[in-house]
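Hi everyone, thanks for making time. I'd like to walk you through a structure that may be new to you, so let's get it up on the screen.

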Amino acid sequence: KLRDYYTGISCGGQSLIRTAMLNNAVETGELMIKKMPKSDLSAPEKDGKTLVAWVQENGLADSPIAQVLNERI
């Protein structure tokens, strides 16, 4: 399951969903969001920020991945 690996894998210090957003990997980001439990999506990541807070801080609210995230949580 994705949940088992998600917290242990990062790319350049960013989580996989954050990396997908930064690289406009829409299909990958959306798939990960759909496969992750809602509780994990709203939990703070290693830097203490939730995905939603991080998205807002980085101006990515218009991203298709962010829209799927908002619908899911």
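Let's start with a question: is the crossing where H3 passes H6 left-handed or right-handed? Keep in mind that what you're looking at is a predicted model. The crossing of H3 and H6 is right-handed.

Okay, some numbers on that pair. H3 covers residues 26-35 and H6 covers residues 64-72, and they pack at an angle of about 10° with their axes 9 Å apart. Since anything under 35 degrees counts that way, H3 is roughly parallel to H6.

So who's touching whom? On the H3 side we've got Val26, Gly29, Glu30, Ile33 and Lys34, and they meet Pro64, Ile65, Val68, Leu69 and Arg72 of H6. Sorted by class, that contact has six nonpolar, three charged and one polar residue.

Let's stay with H6. Its buried residues are Ile65, Ala66, Val68 and Leu69. Those four span an arc of only 160° around the axis, so they sit on the same side of H6. In general, an α-helix has 3.6 residues a turn, so residues three or four places apart point the same way. And what do the buried residues of H6 pack against? Four helices: H2 (16-22), H3, H4 (38-41) and H5 (51-57).

Last stop, the other end of the numbering. Leu2 is in helix H1, residues 2-6. Leu2 is partly exposed, with a relative accessible area of 25%. Leaving out neighbours within four places in sequence, Leu2 is in contact with Met32, Lys35 and Met36. Leu2 and Ala43, meanwhile, are 41 residues apart in sequence and 16 Å apart in space, C-alpha to C-alpha.

Methods:
Residues are numbered from 1 along each chain as its sequence is written. This is a predicted model: local features need pLDDT of at least 70, side-chain atom pairs count only at pLDDT 80 or more; totals for chains, interfaces and linings use all residues. Side-chain values use heavy atoms; hydrogens and water are left out. Axes are lines fitted to C-alpha atoms, for helices over the stretch in contact, and angles run from 0 to 180 degrees between N-to-C directions. Helices (H or I, at least four residues) and strands (E, at least two) are DSSP runs, numbered from the N terminus. Angles under 35 degrees count as roughly parallel, over 145 as roughly antiparallel, 65 to 115 as roughly perpendicular and the rest as oblique. A crossing is left-handed if the near helix is turned anticlockwise from the far one by less than a right angle, and right-handed if clockwise. Contact means heavy atoms within 4.5 Å. Ala, Val, Leu, Ile, Met, Phe, Trp, Tyr, Cys and Pro count as nonpolar, Asp, Glu, Lys and Arg as charged, and the others, Gly among them, as polar. Buried means under 20% relative accessible area, exposed over 50%, partly exposed in between (1.4 Å probe, protein chains only). The arc is that of the directions from the helix axis to the C-beta atoms.
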